[in-house]
Amino acid sequence: MPANSFPDWSAVRCVLLDLDGTLLDLAFDNHLWNEAVPARFARRRGLSLEAARAELAPRFHAVAHTLPWYDLDHWTRQTGIDMAALHQELRPRVRVLDGSLAFLDAVRASGRPLWLTTNAHPDSWRPKLEQTGLAHYFERIVSSNDLQAPKEDRRYWQGLEERHDMVASECLFADDSRPVLEAARAFGVGQIVAMNHPDSTRPPRPFSDFYSVPRLHHLLPVPPLQLRPRGSA
Ligand SMILES: [Mg+2]
């Protein structure tokens, strides 16, 4: 499809959704990583908050958009903070973005399977799904931890096709991360939607080269899936 057009639902057999910033408010993750983690790291090390941030920033930067960036075990080792326990402690702050439930219901009613495609570590996505009750919507949950490659990496998409009998060109995929969206486009995911307002407490982020919406319900209505043989026009 042209880069900036509304999705062609007639070409969509399966819907792949990101979790944080797409279905859920990224304010949770921004609070956890930008406020809670530096504050606890500062306390553990006897540092000022500024010094803690200065020590953590290059460690985050060094692995940005690679598997360790998303690996909570890596950050537990790096900081001495139990990241799984921190997610459990803060999970009452997890919020579903407006419009997400309406979209999930509409996709399911259309007859299309929903898959959760996330870079979140299991100790992150599990408490979020438990808190929000969203797990029952998803036929599959495919995390980068399972495929040992983040969504920014072509190997994630290859793994998704090979291990899950999925055809990327027949999927709609929504995500809020530019490097992820670019990787999905490069691999050949059929319909791509950029989420331009992932954190409700911050301003929207424009995308000029992807079709973008602030909330998933802007993709409604979802017409019923018309089954037809693969490869036919
Ligand atoms: Mg995201």
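A crossing of two helices is left-handed if the near helix is turned anticlockwise from the far one by less than a right angle, and right-handed if clockwise. The model is predicted, so local features need pLDDT of at least 70 and side-chain atom pairs count only at pLDDT 80 or more, while totals for chains, interfaces and linings use all residues. Residues are numbered from 1 along each chain as its sequence is written.

**View 1. The crossing of helices H5 and H7 is right-handed.** H5 (residues 83-90) and H7 (residues 122-132) pack at an angle of about 15°, with their axes 9 Å apart. H5 is therefore roughly parallel to H7 (angles under 35 degrees count as roughly parallel). Met83, Ala84, His87 and Gln88 of H5 make the contact with Asp123, Ser124 and Pro127 of H7; two residues are in contact if their C-beta atoms, placed from the backbone, lie within 7 Å.

**View 2. Histidine 65 has a positive phi of about 65° although it is not a glycine.** This histidine 65 lies in the loop between helix H2 (49-62) and helix H3 (67-70). Histidine 65 counts as partly exposed because it has 15 C-beta neighbours inside 10 Å (buried means 20 or more other C-beta atoms within 10 Å, exposed 12 or fewer, partly exposed in between).

**View 3. Aspartate 165 also is not a glycine and has a positive phi, of about 50°.** The loop between helix H9 (154-164) and strand S4 (171-175) holds aspartate 165. With 7 C-beta neighbours inside 10 Å, aspartate 165 counts as exposed.

**View 4. Leucine 220 and proline 221 are joined by a cis peptide bond.** Its omega is about 0°. Proline 221 is in the segment after strand S6 (212-213).

Technical notes
Axes fitted to C-alpha atoms, helices over the stretch in contact; angles between N-to-C directions. Helix = DSSP H or I, 4+ residues; strand = E, 2+ residues; numbered from the N terminus. Parallel < 35°, antiparallel > 145°, perpendicular 65-115°, else oblique.
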